[in-house]
Amino acid sequence: AALGAFAMEAPKYPDAGYPKLGYALASGMSGDHERAVWSMRRAFETEPEALYALPDIDGLADRTRKLCDLYVYRSTQHSSADNHFMAAAIAYTMGDYTKATSELARAEKAGDQSTAVRTLRQQIDGAIERANAASPDQQ
C-alpha cells in the first residue's frame, strides 16, 4: 500500500525529495533493493534538505532502523557501494550521523562518486556542524 502511494505521489511532485524517500524506504522494506537504491539516490539529488528527519509515524522509526540494519548486514555479505549508501542515507534520516558517516565512507571507498553521495556527505557534515553549534558545551 505504501509503495503504491509513494509511486503515485512522486510524479506529482517531481522536485520533491520526500516522496522519493518514501518510495525508497517502501521498496527496501518490500525487498526491491534495486528500486530502493535508485529512488534514494534520486531523493538526495532532488531535494536533500527535506530529508534530514523522518517522523515516527505508526512505528516508522523502528521499521526504518531495521531496514538500515539490513543494509549494514547486506554490506557485510556483499560489500557494495549501494548497500553502504543505503545504510548511510537511512542512518542520516534517522539522525544517526556517526553511522551515516562511517557507512558513507565505505561507499566512497567502494568507488561511489555519485552526486547523491557528494550531496549526502554535505548534508551529514552540515547536520553535524548544526548539532555542534547548538550544544557548544558538548565539544
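1. The axes of helices H2 and H4 come within 10 Å and cross at roughly 65°. H2 therefore counts as roughly perpendicular to H4, and H2 passes H4 in a left-handed crossing. These values, like those in the points that follow, come from a predicted model.

2. The residues that form this contact can be named on both sides. Leu25, Gly28 and Met29 belong to H2, and they meet Leu60, Arg63, Thr64, Leu67 and Tyr71 in H4. Sorted by class, the contact of H2 with H4 has five nonpolar residues, two polar residues and one charged residue.

3. The protein has seven helices and zero strands, and along the sequence the pattern reads α-α-α-α-α-α-α. Of its 139 residues, 41% count as buried. Among contacts between residues at least 6 apart in sequence, 60% join residues at least 24 apart.

4. Helix H4 spans residues 60-77, and Ala61 is found in it.

5. The largest nonpolar core deserves attention next. It holds 28 residues, of which Met40, Phe44, Phe85, Met86, Ile90 and Leu120 touch the most other members. At least two residues of this core come from each of helix H2 (18-29), helix H3 (33-46), H4, helix H5 (81-93), helix H6 (97-109) and helix H7 (115-134). Which helix gives the most to this core? That helix is H5, with eight residues.

6. Leaving aside residues up to four places away in sequence, Phe85 touches Met40, Arg41, Phe44, Ala107, Asp112, Ala116, Val117 and Leu120. Among these partners, Met40, Phe44 and Leu120 are listed with Phe85 as core residues that touch the most other members.

7. Phe85 also takes part in the contact of H5 with H7. The axes of these two helices come within 11 Å and cross at roughly 35°, and the crossing is left-handed. On the H5 side are Phe85, Ala88, Ala89 and Tyr92, which meet Ala116, Val117, Leu120, Gln123, Ile124 and Ala127 in H7. By class, the contact has nine nonpolar residues, one polar residue and no charged residues.

8. H7 meets H3 as well. The axes of H3 and H7 come within 8 Å and cross at roughly 60°, which means that H3 is oblique to H7. The crossing of this pair is left-handed. From H3, Arg41, Phe44 and Glu45 meet Thr115, Ala116, Val117, Thr119 and Leu120 of H7. The residues of this contact divide into four nonpolar, two polar and two charged.

9. Ala116, Val117 and Leu120 of H7 are named in the contact with H3, and they are named in the contact with H5.

Notes
Residues are numbered from 1 along each chain as its sequence is written. This is a predicted model: local features need pLDDT of at least 70, side-chain atom pairs count only at pLDDT 80 or more; totals for chains, interfaces and linings use all residues. Side-chain values use heavy atoms; hydrogens and water are left out. Helices (H or I, at least four residues) and strands (E, at least two) are DSSP runs, numbered from the N terminus. A nonpolar core is a set of buried Ala, Val, Leu, Ile, Met, Phe, Trp, Tyr and Cys residues joined through side-chain atoms within 4.5 Å. Buried means under 20% relative accessible area, exposed over 50%, partly exposed in between (1.4 Å probe, protein chains only). Contact means heavy atoms within 4.5 Å. Axes are lines fitted to C-alpha atoms, for helices over the stretch in contact, and angles run from 0 to 180 degrees between N-to-C directions. Angles under 35 degrees count as roughly parallel, over 145 as roughly antiparallel, 65 to 115 as roughly perpendicular and the rest as oblique. A crossing is left-handed if the near helix is turned anticlockwise from the far one by less than a right angle, and right-handed if clockwise. Ala, Val, Leu, Ile, Met, Phe, Trp, Tyr, Cys and Pro count as nonpolar, Asp, Glu, Lys and Arg as charged, and the others, Gly among them, as polar.
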